[in-house]
Amino acid sequence: MNYISLFIGKTVMLFMRLMGRNANTLPGLIIERINKKYLKDSLSKLEKGVIVVTGTNGKTTTTKILSSLLEGLGYRVLTNQTGGNYVRGVISLVLDKSSWTNKLNYDIAILELDEAHGVHFANYFNPTGVVTLNILRDQMDRFGEIDKTAELVKKIAKKARSFVVINSNDPRLSKISNHLSSRIYWYGYAEDLKDVFISDDQHYDKNVKYFIEHKLDLSLESYSKNALNVKAEKSYQLPFNLSGSYNALNIVAALTALKAIEGKLDFVKIEKILSEIKPAFGRGEIIKLANGAKVQLQLVKNPSGFNQSLSLVNENNFDKIGIVINDRYADGRDVSWLYDTDFKNLKDNQVFTSGIRYLDMAVRLKHQGIESKNIEELRNFVEELIDLKEDQSAIIYCTYTAMLEVRRLLRKTGVSVEGVGL
Amino acid sequence: MKLHIVHLYQKEMNIYGDTGNREVLEYRLKSRGIEYKTTIVNVGDDLPMEADIIIGGGGQDSGQFLVQEDLLKKKDQLQKMAKDGVVMLMVCGMYQLFGDKFITSKKEEIKGIDILPITTRAGKKRLIGNVVAKNTYSTIVGYENHSGLTYLKDGSTSLAEVVLGAGNNGKDKSEGCVLNNVFGTYMHGPVLSKSPELADELLRRALKRSSPAYKLEKIDDSLEIEARKVAVNRPR
C-alpha cells in the first residue's frame with residue numbers, strides 16, 4: 001500500500017511540476033486521504049527521528065540553523081524550510097524526497113510547524129524532540145489568545161518521545177515544563193540582555209524584570225555585529241553573520257537542540273559551520289542590485305517580531321525604508337497589530353508604504369508623527385525602493401504574502417534574488 | 001484647558017492594539033494644540049479623582065480574570081464618574097465588564113460594574129472578522145474577536161448598526177452600546193484609528209464639560225478616510 005501511495009503521489013507531483021504548478025499541497029492531500037499510514041511508516045524509517053520546531057517567532061531561521069549544523073556534522077537532513085508548514089506539506093515533502101523505490105535516504109527530519117499544525121502533526125506522529133522558541137503576540141485572528149497558543153505548544157511538547165528544548169526566559173513556556181515527562185534542555189539569555197528580549201507580559205510594562213526559573217544548559221551571554229558569546233560548561237565565542245538580536249537567540253536554541261540530539265557539542269566544528277550560515281527565505285536576506293546597492297527583505301508577522309526587527313534601523317543606515325502590509329489569511333486578517341508595534345524610531349527616515357492595507361500603515365505612522373510616501377501600486381513601490389545609488393541601501397518590511405509579491409516583482413525588474421528561489 | 005486621559009489596565013488588557021485609541025486621541029489633541037496628560041492605571045493603582053476621558057481595551061481571559069476583582073473595587077468611583085459625565089470608551093473585554101455580568105460557558109457568573117445597560121453570556125462560536133457599522137455621524141470599521149454574546153437591555157442604545165460582521169451578538173445587528181458619555185464596542189482596529197468622527201465625538205463631549213465655549217476645529221483626516229474606504233471593502 002505504501003508503495004502504491006508513493007507511486008501515485010510522486011506521479012501527481014511530477015505532472016503538476018510539468019504543468020508548472022506548485023506541488024506542495026495536492027499530492028500530500030491525496031495521500032492523506034487514501035493512506036493514513038504512509039507518513040508514519042516513512043518517518044519511522046529515519047534513524048534519528050523527527051524534530052519539531054515550534055513557537056511564534058524564529059521557526060524558519062532556527063530550523064535552517066539546526067539543519068545546517070546537522071548537515072555540517074554529516075547528517076542527511078530532511079527539512080521543510082521552503083514552506084509546506086502543515087501535515088499535508090510534510091507528506092508532500094516525504095513523497096518528493098523518497099526515491100521511486102520507496103527509500104527515504106535521510107537520518108533525521110527537522111520540521112518547522114506552527115502551533116496549530118504542530119498539534120495535528122504530533123497527535124499523528126510522536127516526534128523525537130520538540131524545540132519551543134517563544135510565545136508572543138501573533139495573528140490574534142487565528143489563534144485567539146496567547147494563553148491558548150501556550151496550550152497548543154504544551155500539547156505538542158507532551159508528545160515528545162525523547163526531549164523538549166525550552167526557552168527558559170519565556171514565562172509561558174517555562175510553565176509547560178511541569179507537564180512534561182521527557183528530558184528538558186533549557187536555553188536562554190543572560191540578565192544583561194533583558195531589555196533586548198521582551199516577553200509578552202512585558203510588552204506594556206515599563207519595569208522589565210528578568211525572568212528565569214531554571215538552570216540553563218546553554219545561555220546567550222552577549223552578541224555583537226559579528227560574534228556572539230555562548231555559555232555552556234564554559235564560554236565560547238562564535239561567529240554571528242545573521243542580523244538581529246533574536247537571531248542570536250535562535251542560534252542558541254538550535255545549539256541546545258543539537259546538544260539534545262548529539263549528547264555533546266563540538267565547538268570547533270560548530271564555529272566553522274556557523275561562519276557559513278546565510279539568512280533564511282525573507283528573514284533578513286540581502287539582495288544586491290546590479291549597481292551594488294543593497295535591499296534587505298524582512299518578513300513581519302506580528303508586533304513582537306516587528307518591534308524586534310525595527311531595531312535593524314538603528315543598527316544600519318538605510319536610505320529608504322519600505323513597509324508592505326497585506327491582510328490575507330497568511331498575513332493575519334486583522335491589522336490592529338500595527339498599533340502594538342512602535343515605529344517611533346523611524347522618525348527622520350524616508351518611509352514608503354504599500355500593500356492592500358498601506359493606508360492603515362500610513363495612518364499608524366501619521367499618529368506617531370511620521371510622514372510616509374504611500375504608493376498603492378506595489379510595482380511602483382518596488383521601483384521606488386530599488387532606485388538607489390551604488391553605495392545606498394534599503395530595507396523592506398513585508399507581511400507574508402507581500403513578501404512573495406515583492407520578490408516576484410524584484411525578479412521581474414531583473415534583479416537576481418539569491419538564496420531560496422520562488 | 002488641559003484634558004486628562006486615563007488608560008485603564010494597559011498592562012493587563014492590551015492584546016488587540018487598543019492602546020492605539022489613546023494614541024489617536026492624543027494625536028488629535030496635539031494637532032489642535034490642546035494640552036493633555038495621560039495616566040495609566042493598572043491593577044492595584046488608584047484611580048485619579050478627576051478625569052476627562054477613560055479608555056480600556058480587550059484582553060485575554062487571563063487578563064480579564066486579573067482585572068476583575070480590582071475593577072469591582074473601583075466600581076463606585078467609576079459609576080460616580082460615569083454619572084458626572086466623564087467620557088469613557090471601553091472595548092471588547094472591558095466593554096463586557098462594564099455591563100452587569102458575564103455568564104461563562106460553565107455557567108459561572110462574572111460580575112461587571114453595571115455602568116452600561118448590557119448583559120453578556122458565552123456563545124458557542126467565536127465571532128471573528130472584519131466589521132463595518134454605521135450610525136448617524138460615522139461609518140465605523142474594525143475587527144472583532146469575541147465569544148461573548150452581548151445583549152442590550154430594553155431601551156438602551158447601540159453605538160451603531162452592523163453592516164458587515166456580527167457586532168454585539170450576531171443576531172440583532174447592534175454594535176456596541178452608548179449611555180450618556182459612556183461608549184462600549186467590540187471593535188478593534190483600533191476603532192478610533194479610522195473613525196475620526198467618533199474620536200472627535202469623544203473629545204467634543206469631554207471638552208464640553210470643562211470648556212463649554214470651546215469649538216473643536218477641523219483637522220486633515222483625508223488619510224484616515226481613505227484608509228477607511230479600503231477597509232470597508234475588505235471581505236468579512
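Reply: In this predicted model, a strand is a DSSP run of E with at least two residues, a helix is a run of H or I with at least four, and both kinds are numbered from the N terminus.

Me: With that in hand, where is I198(A) found?

Reply: I198(A) belongs to the loop between strand 6 (183-189) and strand 7 (218-223) of chain A.

Me: How is chain A divided into domains?

Reply: Chain A has domain 1, covering 2-274, and domain 2, covering 284-412. The centres of these two domains of chain A, taken over C-alpha atoms, are separated by 27 Å. Where they touch, 15 residues of domain 1 of chain A are in contact with 13 residues of domain 2 of chain A. On the domain 1 side of that contact, the elements giving two or more residues are helix 7 (140-143) and helix 10 (245-262) of chain A.

Me: How many residues does the contact between the chains take from chain A and from chain B?

Reply: The contact takes 25 residues from chain A and 31 residues from chain B. On the side of chain A, helix 7, helix 8 (146-158) and helix 13 (358-367) each give two or more residues, and helix 13 of chain A gives the most, with six residues. By class, that side of chain A has nine nonpolar, four polar and 12 charged residues.

Me: Which residues of helix 8 of chain A are buried, and why do they line one face of the helix?

Reply: The buried residues of helix 8 of chain A are I146(A), T149(A), A150(A), V153(A), K154(A), I156(A) and A157(A). Seen down the axis of helix 8 of chain A, they fall within an arc of 160 degrees, so they line one face of the helix.

Me: What covers the buried residues of helix 6 of chain B?

Reply: Helix 6 of chain B, residues 222-232, has E224(B), A227(B), R228(B) and A231(B) as its buried residues. These cover an arc of only 105 degrees around the axis, which puts them on the same side of helix 6 of chain B. Their cover includes helix 13 of chain A, together with strand 8 (139-152) and helix 5 (196-210) of chain B.

Me: Is D348(A) buried or exposed, and is C92(B) buried or exposed?

Reply: D348(A), in the loop between strand 12 (320-324) and strand 13 (351-354) of chain A, is exposed, with 7 other C-beta atoms within 10 Å. C92(B), in the loop between strand 4 (87-91) and helix 4 (93-97) of chain B, counts as buried, with 26 C-beta neighbours inside 10 Å.

Notes: Residues are numbered from 1 along each chain as its sequence is written. Chains are lettered from A and ligands numbered from 1 in the order in which they are written. This is a predicted model: local features need pLDDT of at least 70, side-chain atom pairs count only at pLDDT 80 or more; totals for chains, interfaces and linings use all residues. Domain bounds come from an automatic or database domain assignment. Two residues are in contact if their C-beta atoms, placed from the backbone, lie within 7 Å. Ala, Val, Leu, Ile, Met, Phe, Trp, Tyr, Cys and Pro count as nonpolar, Asp, Glu, Lys and Arg as charged, and the others, Gly among them, as polar. A residue is buried if 20 or more other C-beta atoms lie within 10 Å of its own, exposed if 12 or fewer, and partly exposed in between; C-beta atoms are placed from the backbone. The arc is that of the directions from the helix axis to the C-beta atoms.
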